[in-house]
Amino acid sequence: MAMHVLDRKLLRDLKRMWAQVLAIALVLACGVMILVLAIGVQRSLQDTLDAYYERNRFAEVFSGAKRAPESLLGEIRALPGVRVAETRIVGQVVLDVPGLSEPAAGRVISLPEIDVPALNLPLVVTGRPPAQDSVDEVMVTRAFADANGFVAGDRFSANLNGRKRELTITGTALSPEYIYVLGPGAMLPDNRRFGVLWMPRRALAAAFDLQGAFNDVSLALTREGRAEEVIPALDRILAPYGGAGAYGRAEQASHIFIEGELTQLRALAQILPPIFFVISAFLVNMVLARIVTLERGVIGLLKALGYSDLAVAGHFLKFASLVAAIGIVIGWAVGSWLAQGMARLYTEFFEFPYLVFDPRGDSYAISAAAGLVAAGLGAVQGVRRAVRMPPAVAMVPPAPPTFKRGLSDRLATWARFSQPSMMVLRGITRWPGRATFSVLAISAAVAMLMSASFFPDSLDEIIDTSFFRQNRQDAMLILTRDQTENVVEDVRHLPGVIAAEPMQYLPVVLRHGHLSRRIAIEARDPDATLSRVTDASGQPVAPAGGGIILSDRLAERLAVKPGDKVQVEVLTGRRDTLTVPVTDIATVYFGLGAYMDRGALARLLRSPPQASVVNIAMDRQRADALYAAAKETPGLAGTVLLFQTRASFRETISRNVLNTTVVYILIAVLITVGVTYNGARIQLSERARELASLRILGFSRAEVSYILMGELMLLSILAQPVGWLLGWAFAYAQVKSFSSDLYSLPFVMNPATYAKASLVVLAASAASALIVRRRIDSLDLVAVMKTRE
Amino acid sequence: MSELIFRSEGLTKVYRTGDVSVYALRGVDLRLHAGELTVLLGPSGSGKSTLLNILGGLDRASEGQAWFRDAELTAMTDRELTVYRRDHVGFVFQFYNLVASLTARENVELVTEIAKDPMPAAEALAMVGLDKRLDHFPAQLSGGEQQRVAIARAIAKRPEVLLCDEPTGALDSKTGVQVLEALERINTELGTTTIVITHNAGIQAMAHRVVFFADGRISEVRENDSRAQPSDITW
């Protein structure tokens, strides 16, 4: 069937107004795009995660222990709420990887003697698991193998509990426990220097002297089982055997990171799209209002011809829907493309067996519905006006808009504004709603730019604080188990070591009232300079006597302030419970830290001072000699090279920051152009006769342009302070939503951030006004004066 | 005597803007006959357009009654008026009111799409002598041609009445005559009752009946014994 005549008119109108239509559609597309991206990726990630956890039986409660007899397993299985329990042997090993001068670290996990693991089942990617009776076969994580170029059959040597052994790789695997793989003491994944290894239980039991015993247990719960109830029960059973404190998935390192990412995506889907949809609705409203005014005659004609109100309403609603449809299609396309990129980015950071962005209907349906509703709401006012217009009235030209003298006019008269300036001013006061909304929309663009560009400043602050004020050591040497003082002396004598300072990690539960957190206290010597903490002003703070310093977020989680006392339940050794005063709060961006004096802690625990880590400053010229020696040093579990962390942190972050900044600038420009270009076109259309009359009266092009552009530029300038305020609030909200147990962002707002955002927005609005201004040059004075309104 | 097609009694229209009341019609009693070409003549502001709008179902009276045959227009709802316009009335406006983004043919199709028994758009355009200009947009047509497209659009649905508000008001004498010829032809060939508003006294010569308006009232009704050809009319 041939297309209706009215629909043909609609398509031609759209084509004629393509620039305005596109400007609106692109703003709407931003909202659609972010919805597709955030909802799509979030659901894909969540579904992948759920399926992976289920299929590979990711445990729900975890606990380490020093050495627990296998006979406890029956007791653990009998705990109410426990469905499956499985014991393992887990150990830290130092790896000597061919082609890598520094030592790498490994976490070795036992595979059961018969059958496959009941929980945390590794997913074999290539090759096969090690043979049951082998002592030197090992399966490694795919990322570790890929980063080091290993294939099945390759060999590397490992220091297992002080015994050096040549291991042969039989295959590679992934594990739901290690989707995000972070080595001990590391801040970012480093697949070259850290890997997870699987070996048969018998071989590991022999290596770690754990025959008939285990040092790690995982549980799956029944449908009714609750982790909060199972955890204390498990702790009670394991306490006599050096239980390190059970924890649920919520504290499982890999899981926390993915959950954090999911939370971010949910926030993204909730905060940004509504802004775009509101602005699109406003733009549709503004443009449709003008179209209805311009098409009074057509509306009257249609009614005179016998078209029903519904048909007239449908015509204008179709216009809004088509604008929305263009935006939706663009949003879908760009959103899908970005989602694929994001899924690729996730596979870089997370070890999933598969993660493809699975374009599913609902993210498209939701975003399309949101876009249509926004455009529809924007159209309501114009459509209603078209419907209510009586046919006879519709066909006579509209009465000139009523202007009134108000307070601003008296002010302007007093200030002796020129007549063109008065026209600009009255344009704003005549349509206060439109002016207000234009200001708000442009200010949203400013805010968006600010919340993107504050990021690098915030990261600079993190790098400065974390890597140059607090963690200043070149490397951390991680010990296989806590050792007494003389280990520091040994390290000091290694080649290339300039300074060495011991640090102890003590796993504890900190309690304050009903609030608690399971963390590791970092205990250092009072004169430590390589690694220390600083307060909000950047000054180093050291724990005094038997006191404790908490990181700002930990203090917040526990609702503690300096002077309060916290209970420290030690999870190792004699499992003492101490009560210690909080002496200070430190500003820390990674993790939930708590800090004590090593000597004072030892006195409280009535034991000699211990070291879990030795922080060193090193002569990098002699790094290779140091690494070689470290590989031969018994008792070393691994090294973290902070100078490399610093570099890779900057590199990883700056790449992502650049991408984000480009996207945000684009979005802000789209909003600004959408608002100012449409605003300018509408003004030109409203004022064409006026402006042409002024030209005939002898006003120059510049003077006439001033009237056209003046209002928009004035609104753009008014939008700046509002945008700064909004941007400040946006950034603050972002900082708050970003803050988790794992990391936080400092709130850093430099004057340059305000200035940059304003410059971009003002340039974009000036550019769009100038594009419209060119039409003044081609204004056909005679024709304009002849045409009816 | 032919049958009555329009009848009104005491038709009054008051426009209120703010505190001011403007009387456009002050009690008009009128009888118009089917098949006739009637010219409503009078200075601007005399109420003829208001009367035409009410008879065409575009506007409502403040007081009084008006009938189209036996149907009381003044008692109709908006929806009934819409159906009335759609089924019975064709309009021609002074400023043509063509949709700029539609071609001549498409402008006519605006009507044929919703009419019950329309003639093909091309046929309607042929009747006004525009069979060679079917696919031109309004901007590509002269004023007279545009007005003839508007007439084609009005007659394409075979309306019983054709209401023309100053159809030649924006045209020069030569093109105006072409438009009048088109109207005359339609009145004669299709028998369409035609009402033409004008303040151009010359046009009265082609009418069956001339109604003179002054100050919201009918001042005189005259029947022409002999009618002039449009080509004899000049202004």
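Residues are numbered from 1 along each chain as its sequence is written, and chains are lettered from A in the order in which they are written. Because the model is predicted, local features need pLDDT of at least 70 and side-chain atom pairs pLDDT 80 or more, while totals for chains, interfaces and linings use all residues; side-chain values use heavy atoms, without hydrogens or water.

I start with the record. UniProt, in an unreviewed entry, gives "domain: ABC3 transporter permease C-terminal" for residues 275-391 and 663-776 of chain A. UniProt positions are in the numbering used here, feature names are shortened, and annotations may be inferred rather than shown by experiment. In the model, residues 663-776 of chain A are 87% helix and 0% strand, with end C-alpha atoms 33 Å apart. Helices here are DSSP runs of H or I with at least four residues, strands are runs of E with at least two, and both are numbered from the N terminus.

The unreviewed entry also lists "transmembrane region" for stretches of chain A, including 21-41 and 662-680. Residues 21-41 of chain A are 100% helix, and their end C-alpha atoms lie 29 Å apart. Residues 662-680 of chain A are likewise 100% helix, with 26 Å between the end C-alpha atoms.

Next, the aromatic rings. How many aromatic pairs does the structure hold over all chains? There are 25. Rings of Phe, Tyr and Trp (its six-membered ring) pair if their centres lie within 6.5 Å; planes under 30 degrees apart are stacked, over 60 edge-to-face, and the rest tilted. A:Tyr53 and A:Phe58 have ring centres 4.3 Å apart and planes at 35°, so they are tilted. A:Tyr53 is buried at 6% relative accessible area, and A:Phe58 is buried at 3%. Buried means under 20% relative accessible area, exposed over 50%, and partly exposed in between, using a 1.4 Å probe and protein chains only.

A:Trp728 and A:Phe747 make an edge-to-face pair, 5.1 Å centre to centre with 85° between the planes. A:Trp728 is in helix 20 of chain A and A:Phe747 in the loop between helix 20 and helix 21, so the pair ties together parts 19 residues apart in sequence. A:Trp728 is partly exposed at 40%, and A:Phe747 is partly exposed at 28%.

Now the interior. A nonpolar core is a set of buried Ala, Val, Leu, Ile, Met, Phe, Trp, Tyr and Cys residues joined through side-chain atoms within 4.5 Å. The largest core has 127 residues, and A:Phe319, B:Phe6 and B:Leu110 touch the most other members. Helix 14 of chain A gives the largest share of this core, 17 residues. Leaving aside neighbours within four places in sequence, A:Phe319 is in contact (heavy atoms within 4.5 Å) with residues including A:Leu10, A:Val21 and A:Ile291.

Last, the two chains together.
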